[in-house]
Every structure is written in structure tokens, then in C-alpha cells.
Amino acid sequence: MGVYGLGRPADPAVKYFQRKLGPAERATLLAAGDGDMSAGFLEIIDTYRHFYNLGLRPSMAREKVCLTLPPTDA
């Protein structure tokens with residue numbers, strides 16, 4: 001099984017893939033894309049790329065990750 005129990009892993013050379021989204025996944029993509037699921041998908045990929053470059057790996061527990069944001073100018 002794949003990482004998330006979705007059956008066989010996808011071929012890394014695939015150009016397109018289809019997946020049924022549950023309500024939580026749909027809400028996440030909509031939130032990440034400010035109402036645009038396609039933009040949300042790209043935002044999540046970009047965000048994961050950033051975290052991967054910082055050292056996060058799939059085998060690491062994401063519950064242990066801490067994010068510190070700089071204060072915003074009010």
C-alpha cells in the first residue's frame with residue numbers, strides 16, 4: 001500500500017493523476033488557494049518543497065514540527 005493507504009504507488013513519470021477528495025481535503029485545498037483548489041494544490045506543493053529544503057522528510061512525525069512566524073506590523 002502507498003503512504004496513505006491509497007493502493008499501489010503512482011508511477012513517478014506520471015503527468016496526470018486523478019483522486020477523489022474527501023471534504024477535509026477539499027477544504028484544505030480551498031483554504032490554501034484562497035477559494036481556488038488548483039491554486040491551493042500548487043501552494044501546498046510549494047510549501048512542502050520549502051519544508052523539504054529545510055530538512056523535513058516523509059518519515060518524520062509532522063506533529064513534532066514547530067513553525068515560528070515573525071510578528072506582523074500592526
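Helix H2 has 17 residues and spans 24 Å from its first C-alpha to its last, close to the 24 Å expected at 1.5 Å a residue. This is a predicted model, where local features need pLDDT of at least 70, side-chain atom pairs count only at pLDDT 80 or more, and totals for chains, interfaces and linings use all residues. Residues are numbered from 1 along each chain as its sequence is written, and side-chain values use heavy atoms, leaving out hydrogens and water.

User: Why is H1 called roughly perpendicular to H2?
Analyst: Helix H1 (residues 23–32) and helix H2 (residues 37–53) pack at about 85°, with axes 6 Å apart. Axes are lines fitted to C-alpha atoms over the stretch in contact, and angles run from 0 to 180 degrees between N-to-C directions. Angles of 65 to 115 degrees count as roughly perpendicular (under 35 is roughly parallel, over 145 roughly antiparallel, the rest oblique), so H1 is roughly perpendicular to H2.

User: Which residues of H1 and H2 make the contact?
Analyst: Arg26, Thr28, Leu29, Leu30 and Ala32 of H1 meet Met37, Gly40, Phe41, Glu43 and Ile44 of H2, contact meaning heavy atoms within 4.5 Å.

User: How do you know whether aspartate 34 is buried or exposed?
Analyst: Buried means under 20% relative accessible area, exposed over 50%, and partly exposed in between (1.4 Å probe, protein chains only). Aspartate 34 has 76%, so it is exposed. Aspartate 34 lies in the loop between H1 and H2, and its phi is near 55°, a positive value in a residue other than glycine.

Methods. Helix = DSSP H or I, 4+ residues; strand = E, 2+ residues; numbered from the N terminus. Expected span 1.5 Å × (residues − 1).
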